[in-house]
Structure formats: structure tokens, C-alpha cells
Amino acid sequence: MPEDQMPEALAAASSSLADLPRLVAPAPDPATIDWPDTVTVTHVAHWTDRLFSFRTTRPRSLRFRSGEFVMIGLMGEPDPQTGKRRPLLRAYSIASPDWDDELEFYSIKVQDGPLTSRLQHIRPGDEIILKPKPVGTLVHDALLPGKRLWFFATGTGIAPYASLIREPQTYHDYDQVILTHTCREVAELEYGRRLVDEVRRDEVLAELIGEGFADKLLYYPTTTREESPRMGRITTLLEDGTVFRDLGIEGGLSRETDRAMVCGSLPFNLDMKAFLEGHGLREGANSEPAEYVVEKAFVG
Ligand code: A2P
């Protein structure tokens, strides 16, 4: 089956499945698989030739905590020996908040990537696979109470924060919320910049959280390889104190007041861990909350 027809095929299959009574299993077809859960694409936005975001329908039964991720994907190509197709899935942070009727995702496009080389061509109406088992450590439950919450991201690592900056609990729990986003080039910041802008003007959020909630949100974008108003790796700008000076924060980070979430490439995560631990913050988990949590930005 040509690749570009895959989503339509999935759509047809899943809608005919949906018509069957739940307890009547379709006859297994060895050339396929157990039919996976699917959702329908409702909106696609291309930000650069390497970045895009999309929205999908949300299964009614899907509950998640803002900041968690799920496995999503498409059917793979048939196995040359058996003809069997398997789902090709990757972990994606849900970029929308828990209260949203739809789901949002933010993705890189890798031209020879097994999944994203195809996923980048999805259009509204197409179906994608979504395994409805959300998990993750970038959640409020994994942090002890604090005063200031830092969201540190590089690249597509901003996705879980796109969820969390639209989550009322973020503003109820903290006096100040700081989103830092470091990318190579200015255009790669656009998804985050637009999002912060929308959050600040969002009347529904203001109603849910309270007028003036957005005053708590500080946004700190930086680039490393293209000129912009703020340049440099966030790690460097933290170490030399620039971030604190720019944001008017006295005394730097402390275990008493500061909580942090970290999401980016592995080297970035390791450097941030070292920085945060150097300031006395300890890594938390769902089972044992502490002062910071970290997760790799999976699709990159
Ligand atoms: P740099 O351009 O100096 O490598 P990538 O596209 O490679 O995932 O990187 C995304 C952004 O994260 C880039 O701006 C990159 O800066 C920055 N970055 C990469 N590694 C680190 C690190 N170890 N610490 C801080 N920033 C990093």
C-alpha cells in the first residue's frame, strides 16, 4: 500500500470497527495486526522545514496529567517475509493541557526517520495510532511544594511545557513560572513564542485560573547559532548569572524556593542535572517527589 494512503486506510478500518458491537472481535487477519487505538488529525501547522505541530481528537476515556507523554505513530511497512504490519510508535509529550478537548503534539521532521519522515505528511482527517497509556515524570506530583517553577527546554523539549503552562495548577501552586527555551535558530522558537503569547491573552484560562495569572509567567528564549536578542546556551547563562540578572531574581537558585523541570537532548539534561544538583536540588519522581525532574525530549 502506498505510504501516503496509509492514514485513509486506517481511517476506513477503524470506522468500520467502531460500527461493530464491542464484544464481537473481527476475524484476525494475519496480514495485519490487532487493530490499534486511533485518533483523527484535526489541525496541522508547519513551523520550519524541521518542525511541525498537530492536533487530534481525544479519546473520551483518555485521562492524563499535564506534562505526560503517550506513544503515537502510524502502521509500519509490511514485513518482507511475513507481510505483517506492525505499528511504528514513538513517545510524544502531550503538548495540550488535560482540560483540552483535543490533543496537541509538537514534532521534529527527520527526512530519513522511520516515523517522522511519514508523520510530517499527515493532514486533517487522517488517523494516527495513539496508545492511551500516559506516563512521565514532568508532572506536578513529582515535585515538592515551592515558590518558583522553572521549565527548562531545548528544541522539541518545549512540548510538555506547552501543556503545563496551560494548566491551572501551575499557577495555583507557584508564585512565579519561568519557561526557558534554547534553540539553534530564531524560527525554531516560534511555536513557543506564539504559545506564550496566546496563553497571556487567553480569556478561558484567565477565567479558570484568575485574572492576572499570566503576570506570573516569564518567558526566556535564547538562540545559539543565529543572532537574536538573547544568545547563548541556557546552561552558560545560568552559570554566569545572566538569567538571574535579566529576570531580576536575586540570590540564584535555592532548594527552599526553586523547583525545576528539564526536557531536552541527553547532553543538555545531564548538564542541567549537574547545575541543579550543584545548587542542592534533588531529582524527584512520582514515587518520591523532590526539587527537580528530568525527561529526554524523545523525538529528536
Ligand atoms: P548549540 O547550538 O550550542 O549546540 P540540538 O538541536 O542539537 O538538539 O540543540 C538544541 C539547542 O540546545 C541548541 O541551541 C544547542 O546549542 C543547545 N544545547 C545542546 N546541547 C546542550 C547542552 N549540553 N547544554 C546546553 N544547551 C545545549
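Start by selecting Ser96, in the loop that runs between β4 (87-93) and β5 (102-108). The model is a predicted one. Ser96 has 0% relative accessibility and so counts as buried, the cut-off being under 20%. Show the side chain of Ser96 together with the backbone of Glu104: the side chain comes to 3.0 Å from the backbone nitrogen of Glu104.

Next, select Asp126, which sits in the loop between α2 (116-119) and β6 (127-135). Which side chain of opposite charge is nearest to Asp126? That side chain belongs to Arg123, at 6.3 Å. Asp126 is buried and has no salt bridge, since a salt bridge requires a side-chain nitrogen of Lys or Arg within 4 Å of a carboxyl oxygen. Keep Arg123 displayed and turn to its backbone: the side chain of Asp126 reaches the backbone nitrogen of Arg123 at 2.8 Å.

Move on to Glu185, placed in the loop between β8 (176-183) and α5 (190-201). Glu185 has a relative accessible area of 41% and is therefore partly exposed.

Finish at Pro229, located in the loop between β9 (217-223) and α7 (234-239). Is Pro229 buried or exposed? Its relative accessible area is 87%, so Pro229 is exposed. To place Pro229 against another part of the chain, select Val186 and draw a line between the two C-alpha atoms: they are separated by 9.7 Å, while the residues are 43 apart along the chain.

Conventions. Residues are numbered from 1 along each chain as its sequence is written. This is a predicted model: local features need pLDDT of at least 70, side-chain atom pairs count only at pLDDT 80 or more; totals for chains, interfaces and linings use all residues. Side-chain values use heavy atoms; hydrogens and water are left out. Helices (H or I, at least four residues) and strands (E, at least two) are DSSP runs, numbered from the N terminus. Buried means under 20% relative accessible area, exposed over 50%, partly exposed in between (1.4 Å probe, protein chains only). A polar contact is a pair of N or O atoms within 3.5 Å; within protein, one must be able to donate a hydrogen and the other to accept it, and residues adjacent in sequence count only if both atoms are side-chain atoms. Lys and Arg count as positive and Asp and Glu as negative; His and the chain ends are not counted.
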